[in-house]
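Today I am opening the notebook on a new model.

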Amino acid sequence: MTTGGRRAPGRTVVIALIQIITIICQVLTEEPRFSEPIPNVTVALGRDANLPCVVEHLGNYKVAWIHIDRQMILTIHRHVITRLARFSVSHDNAMTWLLHVSQVQQEDRGYYMCQVNTNPMISQVGYLQVVVPPNILDEESTQSAVAVRENQNISLVCKADGFPTPKIMWRREDGQPISVERRKKVTVYEGDTLSLQRISRTEMGAYLCIATNAVPPSVSKRIIVDVESEG
């Protein structure tokens, strides 16, 4: 009953309880969903990386992490499945399931799937990019000191690996220009092979091969070119 157009206190309490129960039921019956995408992460070789998976309304369902490129199940819920000790998982007791990769290696590069065992299953994917600083390959490059006769041709080779693929640049240690195709002089030459044609004694000295790929540190190799007189 109402008094003076107002609801009776008991009825108000009942309505409030019904509303609360309705909200609770809605929460309990909501299916899990991802509240944000997995970010693409870039990390340098040997560093640690974290990939987050944020799931709302997980309930009694389980979250699993899978490395797609390896076709390897890494974790299920709080348990680590893989035998690779560098992988672990943590949960912040809210919505975030964090995959930890310690001392990242090149083989860790690739797509990672966060999966929830609903029916049908839901999943999302993020990418872990592993960058590697440049490294000059001495066994594939010109030795540190070479000799050539004046007016002969010589090619200096500098090979490097890394990810992304390093860019190779040459310059003279004394800052003098490099003669390319005899008629062209440049301060810096780009490419893994520097060809010096009909070399003169003014071109003798130290040449620096520099490898860079935007992942520090850049590296260099010093090659001494000795030009012997024809006489």
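I count a disulfide when a pair of cysteine sulfur atoms lies within 2.5 Å. This is a predicted model, where local features need pLDDT of at least 70 and side-chain atom pairs count only at pLDDT 80 or more, while totals for chains, interfaces and linings use all residues. Residues are numbered from 1 along each chain as its sequence is written, and side-chain values use heavy atoms, leaving out hydrogens and water.

**Entry 1: disulfides.** I found two disulfides, and with bonded cysteines counted along the chain they follow the pattern 1-2, 3-4.

I looked at C53 and C114, joined with S to S 2.0 Å. Their link is left-handed, with -80° about the S-S bond. C53 sits in strand β5 and C114 in strand β11, so the pair ties together parts 61 residues apart in sequence (strands are DSSP runs of E, at least two residues, numbered from the N terminus).

Next I noted C158 and C209, joined with S to S 1.7 Å. The torsion about their S-S bond is about -55°, so this disulfide is left-handed.

Buried or exposed, I asked of C158? C158 is buried, at 0% relative accessible area (buried means under 20%, with a 1.4 Å probe and protein chains only).

**Entry 2: cores.** I took a nonpolar core as buried Ala, Val, Leu, Ile, Met, Phe, Trp, Tyr and Cys residues joined through side-chain atoms within 4.5 Å. The largest has 23 residues, and W65, L99 and Y112 have the most contacts inside it. Its largest share, four residues, comes from β5. Apart from it I found another core of 20 residues, C209 among them.

Technical notes: Buried means under 20% relative accessible area, exposed over 50%, partly exposed in between (1.4 Å probe, protein chains only).
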